[in-house]
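Trainee: I have a model open and would like to learn how to read it. Please take me through it one feature at a time.

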Amino acid sequence: MNAESETERDTRRRPAGVAVVVIGYDDAAHVTDAVRSALAQGPAVREVVAVDDCSTDDSAGLLDRLAVSEPRLRVIRRRANSGGCGTPRNTGLDAVTSPYVMFLDSDDILPPGAAGALLEAAEGAHAEVAGGLCVRRELPSGREVPWQARLYAVHAVVPHPARRPRLVHDTLCVNKLYRTGFLRAHGIRFPEGRFPYEDVVFTARVLAAAPRIALVPDRVYVWHVRRSAGRLSISLDRSGVENWRARTEACRQAYEVLLGAGQKELARAVRAKFLDHDLRMYLRELGLRDAAYRQAWWELTRAHLAEYDADDWARDPAAPGRLAGQVVLASPEPRDLPRLRELAARPARLCPPYARAADGTPVWSDAVPVSLESLRSRPVRALPLAVDAELRPGARGTRLRLRLHELYGRVAQAGPETVEVEWLHRDDADVAVGDTAAPLTPRASDSEPAGAPGSGAMAPGQDPEPAGTPGSRAAAPGQDPEPARTAGSGAAAPRQDPEPASAPGSRAAAPGQAPEPAGTPSPRAAALRQDPEPAATPGSGAAALTHAPQPTGAVALGPCARGSEPAVITGPVRDGAWSAEVAVDLAALAALGVGTWDLRLRVRFRDGVSRDVSAHALTGPGLLRRSAVPSARHGVVLVQPYATHSGALALRVAPGVRGVLSVARARLRRLVH
C-alpha cells in the first residue's frame, strides 16, 4: 500500500477534524492555558491529547480536573520522564484518532482560529501539510516578532518541497498541521529521549517524504518568551558546549535524511541554513564564553564544516555565514572573535582592517588568507558595510557621529551620498523616532592605531554586555533572535536566531532630554566632519573639521574590530571613510518613558541604491557610559548608550524620578541575583 492511498483512505474513514497534542513537564503555571487555547478552537478541534512527561508538580492533577468537564480532552501520564520533547510527542501521536494532528507546548497557546485556518488550507489544497505564521511574544512587554515571515506572506501551495528550499529554515513543528495518515504511512516520528532540536530532524523527515504543502499568512501559533525565567530549556541553555554539539548533530542528521531521500537541493539548503543562521548566532555569543568553551566549540565547528564540499561553499560565496565559516575552518585555534562577531551580526558588518594578498586579492588577513574576492561582485545592497558610531549625550544637545568604512573600493565606486538615521523601540518596532537624513563626507583613514593619543581615531569597540544586562538579550529589529525560554515550559523557543536559540517544543530542563536651546541645530540638522572625535565648537554642539592623512604602510587594527590577534597588517592599504553627524532628539525618545532603542541606518548611493545597516558601538573617553541629562519636562533623564551582543549601538532612556528608580531597582536585582 503506498503512502498516498493510505492517506486518502484515512480521510474517507473519518470526518475532518484536528487532534492537538499538548506536551508538558513541571509546568503547572501554564499548561491549562495551553490546553484551553486548543479547546477554544471550536469544532475544528475534535480531540486534545495532553501528555504529561512524569511531572513532579501538580500539572497532571490540573489536567485531570480539567478533563472532567471537557470530553474532548484526554490526559496521558508517562511513568518516567523522557528528558526531551520527542518521546511525549510520539506518545500523543500514537494516541490520536483524528485525520489531522497539531503539536502545542505547555507554555504557549494557539490563537483563535488557528486550527480552522490550517485545516481549511490543507483540505482546500489536498495537502498533507499546512503551515502558518508563528509569532514570538515577549512577556511581560507583549512585543511580538514574526517567525520566518517571508514564507507565510501570502497564501501558497507548494506541490513539492524542492520547489521552495526556504522551507528548511522553518524547523518548527508547532506552527503546522499534518495529515495523520501521512505521518504514519511514512513512519515519521520524533527522535526519542533527550535529543535537543528534535524538530529539526522531524522537519527533515517530513520534507524527505515530499508532501504537498499549503502555506497561509494567518497567525497560527504564539510562542511565549519569558525572559525572567529561573531555568532555561535544554536546547536554549547555550552556556555549555553540549548544546552546540546537539545542534550540529541535529543539522547533520537533517542533511543525511534529505540526502538519503534523494532531496539533494534541500540537503544543501540545510547546510546553507546552518551557515546563515546557526553559525552566526553562536559566533555572536562566542566572545562571552570562557577559553575552554571557545576551544571546544571551535573544534566541534571545524569538524562539522570539514564535511562540507566545494559546492556547499560555492553557493553565494560572499554570504556572511560562508565567509565566517571559511575563517573558522582555516584557523586551527580560536581567533579574530570580535571581528567574526561583527560579521555574524544582522545586518552583517565586515570591519577593518581590509587586507590584500601580494597580488591584490582581498583576503581576511595576512595570517588567515581566506579570499574575499567574491565581495567585488556582490551587489552594494547586500555588502557587509561597516559603520562606526559614537553617541555623546549633553545638556546642549546630543550628537551621533558616524563613519562609513570603504570596502575594497566598492563603497567609493557606488558613491555614498546620505545616511538616514532612525531609532526603533525595542519592545515595539512599529514605534520609530528620527528619520533624519545627513550627507556623507569623504575623509582619509587614520594613520595611527585606533585610540592612540593625537591620532583622531575612534577607539575600538567594546565587548558585548554580559548576559542578563537589561536590554542586552533582545535582538535588534531585523535580526533573527533566539532568546532564552522559560523554566518548566516543556518547550524551547523557535530556532533561528528569533538570529533570537531554538524552537518551541525543545523541552524544559530540570533615558531623553529637554528641547535644545535656541541656536542649536535642529534634530534633523547634520554637521559634516573629517575627524572621528573632533573638539566641539563651544556652545554649538557641532564638530570642528580636521583631516587625517592616509597611511601607506602598516596599519593598526581598525576601530570597528577590537581583537586579540596581531594588530598589524602589512602591504598596501586602500582604506577611506565617509563621515556624518546628526542631532539626536532625546526629548522624543524620553516622551515614551523608560525604554530601549535600537539604531538603524540606511546608506543611500548616487544611483538610488540603498543599504540598511546597523552601527558598531565605539568605546572611548565619555562613550558608552550612563549620563544624567537635564530636562525641562522630566527634571532629569538617564541616558545609557551600550553595545548589544553583536556589537551594535543601542540606547536606554529613563526619564524622571520614576526612570531613575527603575534603573536603581534593576541594578539592585542584578546585585542580589
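Trainee: Is F190 buried or exposed?

Mentor: Buried means under 20% relative accessible area, exposed means over 50%, and partly exposed lies in between (1.4 Å probe, protein chains only). F190 has 2% relative accessibility, so F190 counts as buried. Before we go on, note that this is a predicted model: local features need pLDDT of at least 70, side-chain atom pairs count only at pLDDT 80 or more, and totals for chains, interfaces and linings use all residues. Residues are numbered from 1 along each chain as its sequence is written, and side-chain values use heavy atoms, with hydrogens and water left out.

Trainee: How many helices and strands does the protein chain have?

Mentor: Helices (H or I, at least four residues) and strands (E, at least two) are DSSP runs, numbered from the N terminus. The protein chain has 16 helices and 25 strands. Of its 673 residues, 60% are buried.

Trainee: Which ring pairs with F190?

Mentor: Rings of Phe, Tyr and Trp (its six-membered ring) pair if their centres lie within 6.5 Å; planes under 30 degrees apart count as stacked, over 60 as edge-to-face and the rest as tilted. The structure holds eleven aromatic pairs. In one of them, the rings of F103 and Y178 have centres 6.1 Å apart and planes at 55 degrees, so the pair is tilted. This pair links distant parts of the chain, with F103 in strand β4 (residues 100-105) and Y178 in strand β8 (residues 176-179). Both F103 and Y178 are buried. F103 also pairs with F190: the centres are 5.2 Å apart and the planes at 90 degrees, so this pair is edge-to-face. F190 sits in the loop between α6 (180-185) and α7 (198-208), 87 residues from F103.

Trainee: Which residues form one aromatic cluster?

Mentor: W244, F274, Y282, W297 and W298 do.

Trainee: Where does the charged end of R289 sit?

Mentor: A charge sits over a ring if NZ of Lys or CZ of Arg is within 6 Å of the ring centre and within 35 degrees of the ring normal. The charged end of R289 is over the ring of Y293, 5.4 Å from its centre. R339 lies over the face of W364, at 4.2 Å from the ring centre.

Trainee: What does the side chain of D388 contact?

Mentor: A polar contact is a pair of N or O atoms within 3.5 Å; within protein, one must be able to donate a hydrogen and the other to accept it, and residues adjacent in sequence count only if both atoms are side-chain atoms. The D388 side chain makes such a contact with the side chain of H405, at 2.7 Å. D388 belongs to strand β12 (residues 387-392). D388 is buried, at 0% relative accessible area.

Trainee: How many salt bridges are there?

Mentor: A salt bridge is a side-chain nitrogen of Lys or Arg within 4 Å of a carboxyl oxygen of Asp or Glu. The whole structure has 37. One joins D94 and R189, whose closest N and O atoms are 2.8 Å apart. D94 lies in helix α4 (residues 86-95), and R189 in the loop between α6 and α7. D94 is partly exposed at 49% relative accessible area, and R189 is partly exposed at 29%.

Trainee: Which residue does R271 bridge to?

Mentor: R271 bridges to D312, with the closest N and O atoms 2.6 Å apart. R271 is in helix α9 (residues 264-286) and D312 in helix α11 (residues 310-314), 41 residues apart. Both R271 and D312 are buried.
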